[in-house]
Amino acid sequence: MNQTIHKASPISLTMSELTTLLSSSGFIFEIFISLLVLHLIYQRLRRRVKVYLLDFTCYRAPDSNRLPMSTLLETIYLANQIDQESIDFQARILERSWLSNQTSIPPSLTEIPLKKSLTSVQTETMTTIFTSVDDLLKKNKLSPRSIDILITNCSLHAPTPSLSAMVINKFHMRSNIKSFNLSGMGCAAGILSVSLANDLLKVHRGSLALIVSTEALNTHWYIGKDRSMLLTNCLFRMGAAAVLMSSNDQDRGNAKYELLHVVRTNKAKDDRAYQCIYQDTDSELKQGVSITKDVISVAGDVLKMNLSTLGPLVLPYLELLQYVICKIYKPSSTYTPNFKKAFEHFCIHTGGRAVIQAMEMNLNLKKEDIEPSKMTLHRFGNTSSSSVWYALSYLEAKRRVKRGDKVLQIAFGSGFKCNSAVWRCIREVEPDTDNKWLDFIESYPVDVPDSISIRPC
């Protein structure tokens, strides 16, 4: 069978064909370059957005607002005309509270009679919020119009217009600013605000967010005899914090911390947890916030739920493996992972002595680990949602936060909630002149006795 073999003929191109080929090659090259650029842009856009903490400030009331415990008892007696038994109860709480005579309340609550009014609470919130924001903007030489996102939180004071609108009006911020006002969220609202800012900053890349956390004492200062409601008068004090966050990569060089994780746990579906901190009226129809005896037990349960989510995100693998093995072979054991292997510093919400001691026990912390929160409670009292920032400010004033250190902020609030935030320090942090601890930091830590006497013998 004969097969015909065709030999390939040599390639021959005319001048016009060669010109056409070169022209098309240039076109193909341009397409290639364009696709490459688009790919690089896509890779940049899909890259994980990093959120930074640029700076923060805490409010410190003037010395004229200082409230010695003996003055508080006298004011409560003269203003409320309550029975001696209720006075003695509050005295016992104050004597064991770890609070000092340096804590502050608004001037309206030291007058006889007490001035509980909309005007008084507006004056209080404007003082704490405006001062904190003004200090933060001036320190960082920022125009209010550079703020893209504003989040305010105050649990018990929710006026109309909102507190966020009040800030926008005061500082003449932009009309297209994204503003949010959180109310009724309790002492955990400060970290909740960080979570909200984190989500918004990731969606709106390159934005600048301002968080303002405070609480209004005038609104919930209790003037009755219900013991569960009298606790708030003994623990809560005047305070606020302003926090500046960014998702702009160019801000990394100026930032103090990078946000790594935020974990929020809410147990409001459980009636016992839902009612352990509850705003209500007493038998005489006087309004107050009730704190029941269940609060520490509930806080412990919600803390475990929060840490079970946080643990796998932050704990070293060996520590996680040890925890899993313990749970498999000793399911009844109460083994707690060593969170000190994940964090160098702890900023615990200063809800009260019992809260800090419970955290110390549950996390197997040492005295130096709870020092920032204990000293914050002693010097400033329970400032609600802003307290974790006072604790971090204490660490900075002590020059303890080093580059690469991880900080855990954890707070509890009505609902019942437990929220935690993990930050990594990305540069050496030196305390600035605006740090509210700086002028007396050398005297801290101080010895805080478990009990003192404030009543006359």
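Contact here means heavy atoms within 4.5 Å, and the model shown in these close-ups is a predicted one.

**Close-up A. Arginine 237 and its contacts.** Arginine 237 sits in the loop that links helix H8 (227–235) to strand S5 (240–246). With a relative accessible area of 2%, arginine 237 counts as buried, because the cut-off for that is under 20%. Setting aside neighbours within four places in sequence, arginine 237 touches Leu67, Leu72, Leu94, Leu99, Thr103, Ser104, Ile105 and Leu217, along with Phe380, Gly381, Asn382 and Thr383.

**Close-up B. Where helices H4 and H5 cross.** Here we have H4 (residues 118–139) and H5 (residues 163–171), whose axes come within 11 Å and cross at roughly 55°. The two helices are therefore oblique to each other, and their crossing is right-handed.

**Close-up C. Side by side: the residues of H4 and H5 that meet.** From H4 come Thr125, Met126, Ile129, Phe130, Val133, Asp134 and Leu137; H5 brings Leu163, Met166, Val167, Lys170 and Phe171. Sorted by class, this contact has nine nonpolar residues, one polar and two charged.

**Close-up D. A span annotated as transmembrane.** The unreviewed UniProt entry puts the label "transmembrane region" on residues 20–42 and 180–197. In the predicted model, residues 180–197 are 50% helix and 17% strand, and the C-alpha atoms at the two ends of this span lie 10 Å apart.

Key:
Residues are numbered from 1 along each chain as its sequence is written. This is a predicted model: local features need pLDDT of at least 70, side-chain atom pairs count only at pLDDT 80 or more; totals for chains, interfaces and linings use all residues. Side-chain values use heavy atoms; hydrogens and water are left out. Axes are lines fitted to C-alpha atoms, for helices over the stretch in contact, and angles run from 0 to 180 degrees between N-to-C directions. Helices (H or I, at least four residues) and strands (E, at least two) are DSSP runs, numbered from the N terminus. Angles under 35 degrees count as roughly parallel, over 145 as roughly antiparallel, 65 to 115 as roughly perpendicular and the rest as oblique. A crossing is left-handed if the near helix is turned anticlockwise from the far one by less than a right angle, and right-handed if clockwise. Ala, Val, Leu, Ile, Met, Phe, Trp, Tyr, Cys and Pro count as nonpolar, Asp, Glu, Lys and Arg as charged, and the others, Gly among them, as polar. UniProt positions are given in the numbering used here, feature names are shortened, and annotations may be inferred rather than shown by experiment. Buried means under 20% relative accessible area, exposed over 50%, partly exposed in between (1.4 Å probe, protein chains only).
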